[in-house]
Amino acid sequence: MNTGSGNGVAIGRRGFLGLGAAAAASVFMPVLKADICADLPGDSSSARFDDNLVAFLADIHAGADKKCSVARRKFKETVDEILAMRPLPRNVLVFGDIAYRCGLGEDYDFSRPLFRKLEDAGIAVTIGMGNHDRRSEYAKRWPEAAAKSLVPGRYVHLVETPHLDFLMLDSLQGADERPLDDMGPGNGALDEAQQGFLADFVKGRTRPLVICAHHGLGDLSVNGVPMVEFFTDNPCVAGYVHGHNHRWLVSFERCRKEPTPQHAKHVLWLPSVGLWGTIGYSICRVYPDKAIVEPLIRDFWLYRPVPQEKRPPEWDDLLAEAKASSSCTMRFHR
């Protein structure tokens, strides 16, 4: 795990263990407002889609290993919750690490049917690669994803909504020539082809864009320019969203050209669906001039859940504070 960058508090896994409840509580966010998921009259066949509604999932870490049984259960619950939403989101974005640890085939054998449930309901699922994933095994279960990628050899996809687009990058370093018990490189990187593609993609672009990846800003660069500078200096980019750190955090980066607070851009860290840290997922509602992201926080633990009666009190404090926080609003201009 990297430590990220920016003006928000950023920590690694060891630092996360040392957080006090009061110090960390302010970075967490509330459960989704009831009106977004309110039921419509009639049965499920009458459910309509909202093209401006997008679900964010990160760090699922589900597979065949008995050690990830809770993550498997949380992933199933998350899929069921999304399918129960009225209206349904048109898109689900997955920010990497769908595999448990090493990107084994059986991990994807577990997750593929659950993602298919979303697809069968008419929801488009876009998956990015995390450091625990393995492209070769992923490709066997999602052969269509490689064909649709904007960069050969990587999984790069554009998700369009009426007012805002999301570009999912592939920040998994290198290829798959690693032992089966290798959990993959912790730090992320964009290969040269992706860097060239991204630099060309934003040139002259006026339509708002959110850059998405598994890894944080501090790991990535574009043609020698740190991602933090590339991201803030390009007017079309409205925000940066990533997983990897298993916690909810909203931070800001100021543009070098216009360093005033009103020109700061959001950097959004996502919770883990079910392994450790802040447990939950997020819903993004897009408007003509902004995107509001609200997480559904379900729990908090480090590094495995323990029986309720043995939970450290600070876990419950962090969970309570998470549910009492405010939402993230990314503003943009068209």
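Let us begin with an open sheet of six strands, which follow the order E4-E5-E6-E9-E11-E10 with mixed pairing. At the edges stand strand E4 (157-160) and strand E10 (249-253); each has a single partner strand, so one side of each is left without a neighbour in the sheet. From one strand to the next, the twist averages 20 degrees. Please keep in mind as you look around that this is a predicted model.

Is Cys-212 buried or exposed? Its relative accessibility is 0%, so Cys-212 counts as buried, since the limit for that label is under 20%.

A disulfide is a covalent bond between the sulfur atoms of two cysteines. How many disulfides does a search of the whole structure find? The search finds zero. Cys-212 is in no disulfide, and the nearest cysteine sulfur, belonging to Cys-284, lies 9.0 Å away. Cys-284 also turns up when you look at Cys-328: its sulfur is the closest cysteine sulfur to that of Cys-328, but the 8.5 Å between them is too far for a bond, because a disulfide needs the two sulfur atoms within 2.5 Å. Cys-328, at 2% relative accessibility, counts as buried.

Next, turn to a pair of helices. The axes of H3 and helix H4 (residues 105-120) come within 10 Å and cross at roughly 10 degrees. H3 and H4 are therefore roughly parallel to each other, as angles under 35 degrees count that way. On the H3 side, the residues making the contact include Arg-72, Phe-75, Lys-76 and Val-79, while those from H4 include Phe-110, Ser-111, Leu-114 and Phe-115. Sorted by class, the contact of H3 with H4 has eight nonpolar, one polar and four charged residues.

Phe-75 is found in helix H3 (residues 69-83), and with 0% relative accessibility it counts as buried. What is Phe-75 in contact with, leaving aside its neighbours within four places in sequence? Its contacts are Leu-57, Ile-60, Ala-62, Phe-110, Ser-111, Leu-114, Phe-115 and Val-273.

Key: Residues numbered from 1 in each chain as written. Predicted model: local features only at pLDDT ≥ 70, side-chain atom pairs only at ≥ 80, totals over all residues. Heavy atoms only, no water. Pairing = 2+ DSSP bridges. Helix = DSSP H or I, 4+ residues; strand = E, 2+ residues; numbered from the N terminus. Axes fitted to C-alpha atoms, helices over the stretch in contact; angles between N-to-C directions. Buried < 20%, exposed > 50% of the residue type's maximum accessible area, 1.4 Å probe, protein only. Contact = heavy atoms within 4.5 Å. Parallel < 35°, antiparallel > 145°, perpendicular 65-115°, else oblique. Nonpolar A, V, L, I, M, F, W, Y, C, P; charged D, E, K, R; others polar.
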